[in-house]
Amino acid sequence: MRSSLHGALVTLRPATAADIAVLAAIRATPEVRRWWRGGPDLPAEIAEDLADPGTHTYVVLHQGLVVGAIQWSAEEEPDYRHASIDIFLGPEVHGRGLGTDAVRTLARHLFTEHGHHRVVIDPAADNAAAIRSYTKAGFRPVGIMRRYERGPDGSWHDNLLMDLLADELPGPGGPAS
């Protein structure tokens, strides 16, 4: 069983089936659904993510409450090995540094406990708030992935590929400190 991870502001706890309803409610908010989308059955989609052995999902806890989720997966081919992160937080906690802390906490775990040397994240190119948060966590822009993601309107949108190397992680206790 995976254990909880502790950041400065948040705790990341492995997600369970008991978390599906609250995560679906967060994903259903317009501010989150805009970026994460989803079909008519968000609880089923979240349950599918939790059942996927290649995806590791944690709930983001702040002051004991579930305020979002963060997940990671890995490319295990030795010559290309790295991890990738995705995150969503409820709109009531946006702009408070919780996303930055969650991303930094998970990245530190991926570097120190899983031996990854590189972590990537790929927000929509026009998601300025997410890009600011990931930059504060130490991620750097790599480049635009053109027409990377299909939007709810059926048109293709660009995403920004960002990465963080183990020796670049900022903050106390990180490889860079």
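**Ground rules.** I number residues from 1 along each chain as its sequence is written, and I use heavy atoms for side-chain values, with hydrogens and water left out. Since the model is predicted, local features need pLDDT of at least 70 and side-chain atom pairs count only at pLDDT 80 or more, while totals for chains, interfaces and linings use all residues.

**The sheet.** I looked up the strand order first. I found an open sheet of 8 strands, ordered S1-S2-S3-S4-S5-S6-S8-S7, with mixed pairing. Its edge strands, S1 (5–6) and S7 (140–150), each pair on one side only. (Strands are DSSP runs of E, at least two residues, and helices are runs of H or I, at least four, numbered from the N terminus; two strands pair if DSSP finds at least two bridges between them.) I then checked S2 (residues 11–14) against S3 (residues 56–62): they run antiparallel, joined by 4 bridges. Arg13 stands opposite Val59 in S3.

**Helices on the sheet.** Helix H1 (residues 20–28) packs on the sheet and touches S3, S4 (65–75) and S5 (82–89), its direction making about 90 degrees with that of S4. Helix H5 (residues 128–136) also packs on the sheet, touching S5, S6 (118–121) and S8 (156–165), at about 10 degrees to the direction of S8. (Contact means heavy atoms within 4.5 Å; axes are lines fitted to C-alpha atoms, for helices over the stretch in contact, and angles run from 0 to 180 degrees between N-to-C directions.)

**A closer look at H5.** Which residues of H5 are buried? I noted Ala130, Ile131, Ser133 and Tyr134. Seen down the axis of H5, its buried residues fall within an arc of 160 degrees, so they line one face of the helix. (The arc is that of the directions from the helix axis to the C-beta atoms; buried means under 20% relative accessible area, exposed over 50%, partly exposed in between, with a 1.4 Å probe and protein chains only.) Their cover includes S5, H4 (98–112), S6 and S8. The face turned away from the buried side carries the exposed Arg132 and Lys136. Just after H5, Gly138 takes a positive phi of about 110 degrees.

**Aromatic pair.** I found 1 in the structure: Trp36 and Phe88, edge-to-face, 4.8 Å centre to centre with 70 degrees between the planes. (Rings of Phe, Tyr and Trp, its six-membered ring, pair if their centres lie within 6.5 Å; planes under 30 degrees apart count as stacked, over 60 as edge-to-face and the rest as tilted.) Trp36 sits in H2 (residues 30–36) and Phe88 in S5, 52 residues apart. Trp36 is partly exposed at 23% relative accessible area, whereas Phe88, at 7%, counts as buried.
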